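Morning, everyone. I'll keep this brief. Please look at the screen.

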Amino acid sequence: MLSLFGTGAVLMRGAGCTINDMWDQNYDKKVARTANRPIAAGDISTFQSFVFLGGQLTLALGVLLCLNYYSIALGAASLLLVITYPLMKRITYWPQLFLGFTFNWGALLGWSAVKGSCDPSVCLPLYFSGIMWTLIYDTIYAHQDKKDDTLIGVKSTALQFGENTKPWLSGFSVAMLGALSLVGVNSSQTVPYYTALTAVGTHLAHQIYTLDIHRPEDCWNKFASSRTVGLIVFLGIVLGNLWKEKKTKETKKNIDSRIED
């Protein structure tokens, strides 16, 4: 299941990036950091990008069809978000929110693939925490291009928050950690999971405190370091589940011993 979702994540995020570059090719030409992207630079034609996208989506469908019917329907429902989220930067100063809706769909899909359906008490706060995380890292990312974005009329949370970015990021971090804590309570998580959340909180606090929104290179470094957050949460979940499994076995063994006595 981890292999399927790892492959699916690469394919669908890749498809999202392809669609984004297709929608934004005229914008990308006007932004220094994105002018060398293959479609914007003219290295790949629009038709070739459609063919490549078709290949990505076909392979992703192959992964999706390995799951149960509930998950197939849930996964297919995400396609509308994947196609439309790149347009949001033209409409609203909150495109990062729609990116969060799109990129964290796997929080719902992963649970349903294993359990057969979604448990709202776990899946919804997990999905919400992922959205908060996306708002954090993609707002930081957007600060790299805010000067060019202003000139060409592209909207972002970086432009919306401006000098108040750090308080907003702090609020998103608190909301993210609160939601992840609720996930832990509702799924009977154990010590390693909550230890991981403490580490995540420390990482986010340092990331936000040292962030310089006026230095694009620092914004990139902070954005790239966000992968550490995902890795810590993943390890916390895995180790927490192993701890829980061990405790469950010990409890069962004790009960069996009492019955025998």
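Which domains does the domain assignment of the protein chain give? Domain 1 covers 1–66, and domain 2 covers 91–260. Keep in mind that this is a predicted model.

Let's start with how the two domains sit together. Their centres, taken over C-alpha atoms, are separated by 24 Å. On the domain 1 side, 11 residues are in contact with domain 2, where 14 residues take part.

Next, the area. The size of an interface is often given as the accessible area lost when the parts come together. Here, domain 1 and domain 2 bury about 1100 Å² between them. Of that, 66% is on carbon and sulfur atoms. Which residues of domain 1 lose the most area to domain 2? They are Phe 5, Arg 13 and Arg 33. Together they make up 47% of what that side buries.

Stay with Arg 33. Its side chain meets that of Asp 145 in a salt bridge, at 2.3 Å from N to O. The count of salt bridges between domain 1 and domain 2 is 1. Polar contacts between the domains come to 3 residue pairs, both residues at pLDDT 80 or more. Helix 1, residues 2–23, gives the largest share of the domain 1 side, with 3 residues. By class, that side has 7 nonpolar, 4 charged and no polar residues.

Last stop: Ser 226. It lies in the loop between helix 14 (216–224) and helix 15 (227–260). Is Ser 226 buried or exposed? Its relative accessibility is 4%, and buried means under 20%, so Ser 226 counts as buried. Leaving out residues up to four places away in sequence, Ser 226 touches Trp 133, Tyr 137 and Gln 207.

Conventions. Residues are numbered from 1 along each chain as its sequence is written. This is a predicted model: local features need pLDDT of at least 70, side-chain atom pairs count only at pLDDT 80 or more; totals for chains, interfaces and linings use all residues. Side-chain values use heavy atoms; hydrogens and water are left out. Helices (H or I, at least four residues) and strands (E, at least two) are DSSP runs, numbered from the N terminus. Buried means under 20% relative accessible area, exposed over 50%, partly exposed in between (1.4 Å probe, protein chains only). Contact means heavy atoms within 4.5 Å. Domain bounds come from an automatic or database domain assignment. Buried area is the accessible area (1.4 Å probe) that two parts lose on being put together, summed over both. A salt bridge is a side-chain nitrogen of Lys or Arg within 4 Å of a carboxyl oxygen of Asp or Glu. A polar contact is a pair of N or O atoms within 3.5 Å; within protein, one must be able to donate a hydrogen and the other to accept it, and residues adjacent in sequence count only if both atoms are side-chain atoms. Ala, Val, Leu, Ile, Met, Phe, Trp, Tyr, Cys and Pro count as nonpolar, Asp, Glu, Lys and Arg as charged, and the others, Gly among them, as polar.
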